[in-house]
Amino acid sequence: PLNRRGFIMQKMSVTKRIALSGVTVALSYALTFIEIPLFTDFFKLDFSFAVIMIAAFMLGPLCAEAIILCVECLCLIKSSSMGAGELCNFVLANVFIVCPSILYKYKKGLKWVIISLAIFSLSAVLLSLPLNRFVIFPVYKSLGFFPMTVKELFHDTFWYIIFFNLIKYFGNAIICVLLYKRVRWIVDKV
């Protein structure tokens, strides 16, 4: 197949895909250590999803799934939630990252990237509510982090959860859109 300039397009080699996936895992995992507390110490913002999202658009949804799995497994090492936070992050990353990368395979272009990121960012925000209520908060309660009931905690933090996740997912989406073309050009040169 030919690209817009008439040059023959070559598929990315398996070696290059594996190497780029490994670099993405390392960079994304490193970014999980740079956390910005929002509202309370409980809500910590990081921008590791932006790196994985860029790789997902370049490498496809299957590589993105493998990258997400590797990063979340590495995050288990430093987990304070007995893996509940990582499990929820894995589920939300699949909604936020893998779904747009599947759509990107069929609908390319900045317009579709922005539309899909907006839709799946909102989807991840909405999904974060039941995940916090029924997975994360019960685990934190069992660990003795909160003196109140899970229902009270969810009621008290409902809007914090929404605002935190809006900032997290739309922030990562904006970073991805701003960096994608620049990073893609570098990867194509390698």
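**Exercise 1. A charged pair**

Is Lys 78 buried, partly exposed or exposed? Identify also the salt bridge of the model and locate its two residues.

*Solution.* The model is a predicted one, in which local features need pLDDT of at least 70, side-chain atom pairs count only at pLDDT 80 or more, and totals for chains, interfaces and linings use all residues. Residues are numbered from 1 along each chain as its sequence is written, and side-chain values use heavy atoms, with hydrogens and water left out.

Step 1. Lys 78 has a relative accessible area of 31% and is partly exposed. The classes are buried (under 20% relative accessible area), exposed (over 50%) and partly exposed (in between), with a 1.4 Å probe and protein chains only.

Step 2. Side chains of opposite charge can pair when their charged atoms come close. A salt bridge is a side-chain nitrogen of Lys or Arg within 4 Å of a carboxyl oxygen of Asp or Glu. By this rule, the count is 1 salt bridge. Glu 35 and Lys 78 form a salt bridge through their side chains, at 3.7 Å from N to O.

Step 3. Glu 35 lies in the loop between helix H1 (14–31) and strand E1 (36–37), and Lys 78 in the loop between helix H3 (61–75) and H4, so the pair ties together parts that are 43 residues apart in sequence. Helices (H or I, at least four residues) and strands (E, at least two) are DSSP runs, numbered from the N terminus.

Step 4. Glu 35, with 36% relative accessibility, is also partly exposed.

**Exercise 2. Packed helices**

Determine how H1 and H2 are oriented, and then treat H2 with H4 and H3 with H4.

*Solution.* Two packed helices are described by the angle between their axes and the distance between the axes. Axes are lines fitted to C-alpha atoms, for helices over the stretch in contact, and angles run from 0 to 180 degrees between N-to-C directions. Angles under 35 degrees count as roughly parallel, over 145 as roughly antiparallel, 65 to 115 as roughly perpendicular and the rest as oblique. A crossing is left-handed if the near helix is turned anticlockwise from the far one by less than a right angle, and right-handed if clockwise.

Step 1. The axes of H1 and H2 cross at roughly 165 degrees and come within 8 Å; the two helices are therefore roughly antiparallel. Their crossing is left-handed.

Step 2. For helix H2 (residues 48–59) and helix H4 (residues 84–106), the angle is about 30 degrees and the axes are 9 Å apart. H2 and H4 are therefore roughly parallel, and their crossing is right-handed.

Step 3. H3 and H4 pack at about 165 degrees, with axes 9 Å apart, and are therefore roughly antiparallel. The crossing of H3 and H4 is right-handed.

**Exercise 3. Positions within helices**

Compare sequence separation with C-alpha distance for Ala 26 and Cys 70, and for Tyr 104 and Phe 154.

*Solution.*

Step 1. Ala 26 is in helix H1 and is partly exposed, at 46% relative accessible area. Ala 26 and Cys 70 are 44 residues apart in sequence, and their C-alpha atoms are 9.4 Å apart.

Step 2. Tyr 104 belongs to helix H4 and is buried, at 12% relative accessible area. Tyr 104 and Phe 154 are 50 residues apart in sequence, with 35 Å between their C-alpha atoms.
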